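Subject: Handover of a structure and findings

Dear colleague,

Please find below the structure that I am handing over to you. My findings follow directly after it.

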Amino acid sequence: MDLGLNGKKAIVCAASKGLGRGCAMALAGEGVKLVINSRDPDKLEQTADEIRSATGATVITVAGDIATEKTRADILAACPAPDILVNNAGGPPPGNFRDWGRDDWIRAIDNNMLTPIELIKAVIDGMIERRFGRIVNITSSAVRAPIDVLGLSNGARAGLTGFVAGLARTAARHNVTINNLLPGAFATERMTGVTRAMAEANGLDPDAELERRRLLIPAERFGDPREFGHACAFLCSADAGYLVGHNLLLDGGAYPGTM
Ligand code: NAP
């Protein structure tokens with residue numbers, strides 16, 4: 001299936017590993033020219049090389065913390081007129097809300113709500129003028145089914161979700177879409193790291209805990225960042241202009257609801 005993306009330009013944030021990398025790889029496979037970002041410059045460059053050799057795509061790297069104005073400015077300088085924006089950042093740490101102060105909340109809101117909003121603000125009017133734009137925010141299944149220990153994530157991402165639900169309706173008539181991709185449990189460093197750390201904190205065997213988690217998923221496996229990337233590429237495709245303001249849950253069937 002030709003997604004109609006050959007020659008388009010994309011910014012993919014937090015893309016050296018995991019889900020962001022999956023999105024970058026899938027878009028590059030469709031002929032999209034990329035600007036990718038993450039903080040560790042060596043790992044970022046290594047990922048860029050892997051994407052270039054797997055797809056032949058043009059990949060520019062911009063290292064830095066996406067929650068800083070400087071990094072966002074550097075990214076926009078490298079790609080001033082993107083057709084596609086994939087918003088992503090590291091997730092907030094788990095914990096007990098009684099232990100979190102204002103600074104913890106501000107950090108979570110900055111990373112997972114205000115940073116994507118700032119980037120959307122920077123690119124959306126150009127997309128509207130050019131009558132093509134695809135914005136995908138990587139959020140979490142926790143937006144649909146909150147996870148108690150991830151309160152910082154539940155709160156910050158719910159804020160982003162509410163905001164873009166309104167904005168998406170104002171951009172749709174210009175062939176600019178905004179949708180959110182909600183990962184359940186995907187096999188990434190973050191997912192295995194958080195699961196192991198929480199198991200250890202609770203005196204449980206980390207391997208047994210990962211296995212217990214896996215078996216709670218109807219698909220009986222963790223998601224592959226590659227398949228997450230393909231869902232992202234589909235949301236960005238030329239014929240996806242009527243898909244507006246959705247929260248697409250990719251969780252192997254873990255959410256037990258009818259809709
Ligand atoms: P991951 O494997 O740890 O990868 C995170 C990527 O983001 C890395 O490339 C990392 O590189 C980069 N990054 C982190 N913080 C950044 C920052 N401030 N600025 C720029 N780049 C940054 O994580 P993941 O599993 O792909 O998760 C991606 C997002 O999905 C997170 O927000 C996570 O909470 C959410 N999520 C994941 C799952 C899951 O099962 N995997 C489920 C629900 C939600 P550097 O460290 O070098 O910057």
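S140 counts as buried because its relative accessibility is 11%, where buried means under 20% relative accessible area, exposed over 50% and partly exposed in between (1.4 Å probe, protein chains only). S140 is placed in the loop between β5 and α5; helices (H or I, at least four residues) and strands (E, at least two) are DSSP runs, numbered from the N terminus. From S140, the side chain reaches the backbone nitrogen of A142 at 2.9 Å.

Please note that this is a predicted model, in which local features need pLDDT of at least 70 and side-chain atom pairs count only at pLDDT 80 or more, while totals for chains, interfaces and linings use all residues. Residues are numbered from 1 along each chain as its sequence is written, and side-chain values use heavy atoms, with hydrogens and water left out.

I turn next to the ligand. Among the 28 residues around the ligand, S16, R39, A89, F186 and T188 come nearest; a residue is near a molecule if one of its heavy atoms lies within 4 Å of it. In this shell, nine residues are nonpolar, 12 polar and seven charged (Ala, Val, Leu, Ile, Met, Phe, Trp, Tyr, Cys and Pro count as nonpolar, Asp, Glu, Lys and Arg as charged, and the others, Gly among them, as polar). At least two residues of the shell come from each of α1 (18-29), β2 (33-38) and α6 (189-201), and α6 gives the most, with three residues.

An oxygen atom of the ligand lies 2.8 Å from a polar side-chain atom of R39. A nitrogen atom of the ligand lies 2.9 Å from a polar side-chain atom of D65, and a nitrogen atom of the ligand is 3.2 Å from a polar backbone atom of G90. The ligand taken alone exposes 890 Å², of which the protein buries 90% (Shrake-Rupley method, 1.4 Å probe).

Lastly, a search of the whole structure finds one cavity of 30 Å³ or more, a cavity being a set of points on a 1 Å grid over the protein atoms alone where a 1.4 Å probe fits but cannot get out. The largest cavity has a volume of about 90 Å³, a volume being the space filled by probe spheres set on the points. Of the 15 residues that line the largest cavity, N87, N88, A89, N111 and P116 are the closest to its centre; lining residues have an atom within 4 Å of a point. To this lining, α4 (102-130) gives the most, with five residues.

Yours sincerely

Definitions and conventions: 1 Å grid on protein atoms, 1.4 Å probe; cavity = no way out; pocket = protein on both sides within 12 Å on 5 of 7 lines; lining within 4 Å. Polar contact = N/O pair within 3.5 Å; in protein donor to acceptor, adjacent residues only side chain to side chain.
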